[in-house]
Amino acid sequence: MLKLKQVLRKFNKIPFLLSFIAVIGIIMDYGVLQSENFQQNLFWLYLITISIGILANIFRFFKQKYIQKIEALLFDIVFSIILLVLLFHHLNLFDIDFLNDRIWLQFGTFIVFIREISLIDFNLLKEKLNPAQLFVLSFFMIIMIGAILLMLPKSTHNGITFVNALFTSTSAVCVTGLVVVDTGTYFTHFGQIVLIFLMQLGGLGIMTFASFFSYFFKGVSSYKNQLMLSDMTNSEKIAEVFSVIKKIIVITFSIEAIGAILIFRSLSTTLIPNLNDRIFFSIFHAVSGFCNAGFSTLSNNLYEVGYRFNYPLHIVIAFLIILGGIGFPIIFNFFKYLHHLVKNRIKIFEDKQSAIHMPWVININTKLVVITTALLIVFGSLFFYILEYNHSLANQSVFGKIVGAFFGAVTPRTAGFNTINMASLQAPTILLIIFLMWVGASPASTGGGIKTSTFAIATLNIFSIAKRKNKTEIFHREIAEISIKRAFSVISLSLIVIGFAVFFITIFDGDKDMMSIVFECFSAFSTVGLSLGITSTLSDTSKIILVITMFIGRVGMLTLLISFLKKIAHTKYSHPTEEILIN
């Protein structure tokens with residue numbers, strides 16, 4: 001009996017190991033040139049992986065302890081049917097024309113891998129690392145994997161150095177958009193697909209995807225795992241953490257899908273005649289826009305000839321940037337308010353009764369973020385319009401100037417797309433963009449920067465001190481002291497990191513203009529991607545400095561400090577208070 005259990009335990013590892021090898025095979029299939037014999041061996045590897053995946057699924061199906069959630073059970077059935085159809089088709093037991101493409105076999109192999117890796121228990125890793133360390137490590141690992149994938153022979157047309165691959169991978173995972181090579185002409189379709197995955201994983205976080213699939217397939221999760229994820233996803237209730245993750249995944253793909261459709265409709269068939277190329281362009285830019293990545297397959301970004309006056313395209317991408325940068329808690333709160341509003345209207349119509357009163361449906365965080373975001377966009381657009389009216393916006397119509405100014409105020413909010421010539425910007429406009437980049441997007445979003453709420457809290461605190469108030473208040477609520485401390489810590493650390501980046505780049509690339517270097521460092525830290533044109537001309541050392549700056553900007557300097565510094569237990573004593581001379 002004991003030997004049987006040992007055999008079964010070892011059998012459980014086979015599907016994962018085999019699917020892992022098969023996924024490497026898929027990467028080689030697309031990324032490395034191979035012989036016909038090797039291609040045939042990969043074909044059989046895919047079939048064997050799918051077969052083992054089906055057997056493993058059937059085996060788990062009959063384990064009563066495994067069936068703990070109806071969603072997981074239903075998926076098992078659908079999962080098995082899909083794999084059986086793929087297997088029988090490629091074994092010539094029956095024929096379905098559209099399944100002839102090799103990509104469907106690779107798709108089956110990939111979902112086996114996702115299925116198996118989601119069932120692995122990483123408790124040992126979670127016990128050794130705290131949430132902050134796990135968060136930082138997940139980004140580091142995906143960056144390194146991305147760099148390796150971008151160095152594969154089929155990822156580029158003429159090869160790429162490790163530093164440039166690392167820079168591009170970091171820029172994609174940290175959803176920055178700074179580029180050292182032309183994305184559209186330097187990378188192949190495979191390389192661009194790798195960038196899409198890196199942007200998507202970087203925008204939402206690898207832990208979000210991993211936790212979603214793990215919970216979905218297993219149906220259960222430990223309390224410790226829920227506690228860790230609640231910290232990562234900013235969930236108010238531990239019990240709702242997986243519900244929040246599912247909503248994040250659904251909302252992200254829904255908005256990106258709608259965005260891709262709208263982008264597709266805005267494209268000219270004369271510029272992109274091929275249907276598949278238009279679809280790919282739409283998906284790439286929808287993902288890049290919502291994730292605030294700023295990558296484009298166009299050599300001159302959206303300033304490319306034929307696209308610089310495509311205002312519907314600019315508006316769609318601008319709203320994708322706003323939705324991606326506003327933060328998931330804000331979107332959730334908006335839907336909660338909408339649900340409350342509709343429910344009340346229906347109740348009044350049906351029962352002729354008064355509406356149900358729910359105080360603070362729109363919470364303080366939502367009000368603060370939305371107002372700050374709106375003010376930054378409105379005043380940013382206004383100043384951009386005035387400053388650039390006769391310069392970068394000079395050759396556009398009145399409507400074009402308005403759209404251009406609006407886009408110019410939105411894109412520095414960590415996106416990095418540009419619809420105007422960055423070299424023609426006025427010095428005051430550059431300073432305005434630097435400020436907008438520094439503030440960035442909102443918390444729990446796909447964007448970077450110090451965040452809108454941080455800037456708002458710091459500003460409110462300044463006014464409170466000026467009014468000689470001993471507390472900071474807004475909307476009849478007092479802001480917690482810990483929030484004020486975190487806000488000023490984030491601001492101070494951001495300026496320190498940017499300052500060091502500027503200092504070291506001026507040492508290694510002293511021939512570059514100081515304004516361009518400062519702009520580049522703010523762009524890198526705030527994960528924006530806008531540049532005054534010096535990125536590709538920087539030395540390898542300066543590129544590594546920007547890589548570190550982008551990484552710190554994405555994961556957060558405060559998160560890095562929390563991950564490395566030992567937590568001090570709360571002390572039960574207090575020292576005498578004494579004021580320090582400040583001014």
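Predicted model: local features only at pLDDT ≥ 70, side-chain atom pairs only at ≥ 80, totals over all residues.
## Cysteines

A disulfide is a covalent bond between the sulfur atoms of two cysteines. The count of disulfides in this model is 0.

## Aromatic pairs

A pair of aromatic rings is described by the distance of the centres and the angle of the planes. The model holds 9 aromatic pairs. One of them joins Tyr 311 and Phe 399: the ring centres lie 5.8 Å apart and the planes stand at 90°, so the pair is edge-to-face. Tyr 311 belongs to helix H14 (residues 311-326) and Phe 399 to helix H17 (residues 398-410), so this pair ties together parts that are 88 residues apart in sequence. Tyr 311 is buried, with a relative accessibility of 11%, whereas Phe 399 is partly exposed at 47%.

Another pair is formed by Phe 500 and Phe 504, whose ring centres are 6.2 Å apart; because their planes meet at 20°, the pair is stacked. Both residues lie in helix H20 (residues 481-508), and being 4 residues apart they are separated by about one helical turn. Phe 500 is partly exposed, with 48% relative accessibility, and Phe 504 is partly exposed too, with a relative accessible area of 34%. Ring pairs also bring in Phe 503, which forms a cluster with Phe 500 and Phe 504.

## Charges over rings

The charged end of Lys 367 sits over the ring of Phe 475, at 5.3 Å from the ring centre. In a second case, the ring of Tyr 389 has the charged end of Lys 401 over it, 4.4 Å from its centre.

## Helix H18

Helix H18 covers residues 427-439, which makes 13 residues. At 1.5 Å a residue this helix should span 18 Å, and its end C-alpha atoms are 19 Å apart, which agrees. Directly after H18 comes Gly 440, which has a positive phi near 75°.

Which residues of H18 are buried? They are Thr 429, Ile 430, Leu 432, Ile 433, Ile 434, Leu 436, Met 437, Trp 438 and Val 439. The elements that cover these buried residues include helix H16 (364-388), H17, helix H19 (452-466), H20 and helix H21 (514-525).

Terms used: Residues numbered from 1 in each chain as written. Heavy atoms only, no water. Disulfide = S-S within 2.5 Å. Phe/Tyr/Trp six-rings, centres within 6.5 Å; stacked < 30°, edge-to-face > 60°. Helix = DSSP H or I, 4+ residues; strand = E, 2+ residues; numbered from the N terminus. Buried < 20%, exposed > 50% of the residue type's maximum accessible area, 1.4 Å probe, protein only. Lys NZ or Arg CZ within 6 Å of the ring centre and 35° of its normal. Expected span 1.5 Å × (residues − 1). Contact = heavy atoms within 4.5 Å.
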